[in-house]
Amino acid sequence: MRIRRFAKFGRMSVKYRDNQVSRLFSDIAALIADGVGDKEALSSQLNELTASNSPEVADYWRRTNRGMGVPDVAFRGRSPYLFPEEAPARTFRTSGTSGQERGEAHYSARGMELMDLSIVTNARRNVVRGLERPIILRFVPPEALAPEMVMAHGMELIARTFGHPELSACLVSPSGVDFPLLLSRLDTAVSHGIPVVLIGGSFAYVNVCDALEGMGRSWELPKGSRMIDAGGFKGRSRVVGVDALRSMVGRTFGIASSECTNLFGMTELASQLYDAADVAVGPIGERPKGSTSFVQPRVRDSLDLSLRTEGKGLLEVADLCILDRPHVVLTGDRGVARPEGVAITGRIERGQSRGCSLTLDAMTGGAS
């Protein structure tokens with residue numbers, strides 16, 4: 001295997017069309033798709049690029065440490081974007097439901113390619129492993145109606161890439177959940193023996209299961225069916241633990257607890273983190289999220305910001321799939337470091353949940 005020697009970026013800003021950026025893009029893509037590459041060297045290259053192109057981040061690193069995660073509040077308002085001469089291909093934004101200024105993340109065309117490759121690679125391992133064209137039912141709005149919601153983009157990409165082309169569906173619109181369509185697709189799945197993958201915001205399942213219980217409807221979905229939930233429950237009047245949610249999903253859809261997985265995503269990140277072990281760590285049973293070759297959760301001490309291998313602290317995520325912004329984010333979440341990974345246990349700021357989760361809660365019939 002040929003090992004690429006990484007050239008140093010200079011002090012002057014680097015243009016999007018420069019060969020150095022093209023090579024960096026190719027090397028990151030190889031790491032995502034094939035697991036081939038030097039993670040530390042790629043991280044160093046991304047830091048060099050950020051320091052060259054963002055004086056604000058370079059100054060922040062001079063006052064802290066080079067490569068320190070950029071706080072998520074930096075993405076509100078004038079969000080860092082490393083290639084101002086190249087118009088972003090897409091911009092995703094937080095919903096702003098918490099009353100704060102909306103966060104945003106700009107993506108160049110190459111940045112979008114890396115994010116999509118990351119989403120598909122992670123989904124192949126964690127969402128559809130062992131399944132061939134399952135029925136993927138999404139409790140999120142379609143991307144066309146929510147073009148700035150990164151969750152809508154990612155879940156639609158997963159369904160389009162891996163799902164049954166005729167029976168997979170989006171179940172949420174601005175008017176709420178399409179229950180007739182949901183019932184029809186689940187009945188079809190049972191009658192034809194096709195596994196179902198349910199994927200959506202965590203609290204959306206609570207609202208949907210409550211509604212279906214009120215209708216007196218439940219299913220034993222075919223073997224291999226599973227549930228993927230995204231987000232959590234902090235900041236709501238009703239707190240539902242992980243095991244309680246899994247019990248609700250089991251009663252309603254006949255999906256075993258072992259086939260339920262939580263993912264963590266952010267507008268500011270290109271990759272998602274998935275449960276790595278079925279071990280309750282957090283106060284409501286949160287499971288630890290694992291690392292891959294291209295994305296790593298870690299915990300920093302809340303006092304001196306040193307990295308911790310065990311115990312509680314601030315969640316930082318290093319995402320090598322980010323080309324257009326600083327690739328390490330200090331998220332504003334709490335984390336618990338364990339040998340299996342990092343359990344994410346809620347927001348630091350007044351316990352508030354992320355905007356996407358609260359938006360989906362409202363759209364599926366709940367109240368935050």
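1. pLDDT is the predictor's confidence in each residue, on a scale from 0 to 100, and contact here means heavy atoms within 4.5 Å. With those terms in hand, residues 350-364 have a pLDDT that stays under 50, and for this stretch the model has 57 contacts beyond four places in sequence. Residues 1-7 also have a pLDDT that stays under 50, and the model has nine contacts beyond four places in sequence for them. Where pLDDT is low, the predicted coordinates should not be read in detail.

2. This is a predicted model, in which local features need pLDDT of at least 70 and side-chain atom pairs count only at pLDDT 80 or more, while totals for chains, interfaces and linings use all residues. Residues are numbered from 1 along each chain as its sequence is written, and side-chain values use heavy atoms, with hydrogens and water left out. The protein chain averages a pLDDT of 90, and 89% of the residues score at least 70.

3. On salt bridges, each defined as a side-chain nitrogen of Lys or Arg within 4 Å of a carboxyl oxygen of Asp or Glu, the count comes to 23. One of them joins Arg66 to Glu48, with the closest N and O atoms 3.7 Å apart. This pair links distant parts of the chain, since Arg66 lies in the loop between α3 (55-63) and β1 (70-71) and Glu48 in helix α2 (residues 39-53), 18 residues apart; helices (H or I, at least four residues) and strands (E, at least two) are DSSP runs, numbered from the N terminus. Glu48 is buried, with a relative accessible area of 14%, where buried means under 20%, exposed over 50%, and partly exposed in between (1.4 Å probe, protein chains only).

4. Within helix α3, Arg62 and Asp59 lie three residues apart, about one turn of the helix, and they form a salt bridge whose closest N and O atoms are 3.8 Å apart. Arg62 is exposed, with a relative accessible area of 63%, whereas Asp59 is partly exposed at 33%.

5. Arg129 and Glu259 also meet through their side chains in a salt bridge, at 3.8 Å from N to O. Arg129 sits in the loop between α4 (109-126) and β4 (135-139), and Glu259 in the loop between α8 (242-253) and β10 (260-264), so the pair ties together parts that are 130 residues apart in sequence. Arg129 counts as partly exposed at 36% relative accessibility, and Glu259 counts as partly exposed at 23%. Elsewhere, salt bridges that share partners join Asp243, Arg246, Asp275, Asp278, Arg287 and Lys289 into one network.
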